[in-house]
Amino acid sequence: IMCKVLIFSCISVMLMTAAYGAPLSPSPEKGNILRTLISDLKILEKSSSKIHLDFYTPNERQECSWQVLQCYLKEMAILEYEIEDKDADNLKNIQKNLQRLMDLTPLGTGCKTCEASDKKEFSAFNRELSNFLISMLK
């Protein structure tokens, strides 16, 4: 009888998780993209002392992941003119993977626009994007 109670408990937790939209583990593809992005951002961080612009840096709920990713992707386009040639391929990979991640992420509702976010220096922008991506891994 204890086994039946345990099985019933596990099934109820799974049903409640699905019903209330609790975050589930990302798909293997999404997880790989997230890990690659986090790694590429660490490489790009080394150029932060040479980047002297401020970037819109979203600080939204997880339900707004698509809009947050879109904002970061738009802001990354500005970096093309600020980075050295040696970092160009890394930046292109980041942009490509942000787009792939957006394609796997549902569109949120009630989210603010990118331009409604605070502007921050590149190191803070990069750190907050990395933290956001890490939170999507959980």
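What is the relative accessibility of glutamate 128?

Modeller: Glutamate 128 has a relative accessibility of 22% and counts as partly exposed, where buried means under 20% relative accessible area, exposed over 50%, and partly exposed in between, with a 1.4 Å probe and protein chains only. Before going further, please note that this is a predicted model, in which local features need pLDDT of at least 70 and side-chain atom pairs count only at pLDDT 80 or more, while totals for chains, interfaces and linings use all residues. Residues are numbered from 1 along each chain as its sequence is written, and side-chain values use heavy atoms, with hydrogens and water left out.

Glutamate 128 forms a salt bridge with lysine 120, and their closest N and O atoms are 2.5 Å apart; the term stands for a side-chain nitrogen of Lys or Arg within 4 Å of a carboxyl oxygen of Asp or Glu. Lysine 120 is also partly exposed, at 26%. Side chains of opposite charge can pair when their charged atoms come close.

The structure holds five salt bridges, and another of them joins glutamate 115 to lysine 74 at 3.5 Å, N to O. Because glutamate 115 lies in the loop between α4 (88–103) and β2 (118–121) and lysine 74 in helix α3 (residues 65–79), this pair ties together parts that are 41 residues apart in sequence. Helices (H or I, at least four residues) and strands (E, at least two) are DSSP runs, numbered from the N terminus, and the protein has five helices and two strands in the order α-α-β-α-α-β-α.

A further salt bridge pairs lysine 86 with aspartate 87, at 3.9 Å between the closest N and O atoms. Lysine 86 is exposed, with a relative accessible area of 60%, whereas aspartate 87 is buried, at 6%. Aspartate 87 also has a polar contact of 2.4 Å with the side chain of serine 47; such a contact is a pair of N or O atoms within 3.5 Å, where within protein one must be able to donate a hydrogen and the other to accept it, and residues adjacent in sequence count only if both atoms are side-chain atoms. Serine 47 sits in the loop between α2 and β1 (54–57) and is buried, at 4%.

Tyrosine 72 and phenylalanine 125 have ring centres 5.0 Å apart and planes at 55 degrees, so the pair is tilted. Since tyrosine 72 lies in helix α3 and phenylalanine 125 in helix α5, this pair ties together parts that are 53 residues apart in sequence.

Technical notes. Rings of Phe, Tyr and Trp (its six-membered ring) pair if their centres lie within 6.5 Å; planes under 30 degrees apart count as stacked, over 60 as edge-to-face and the rest as tilted.
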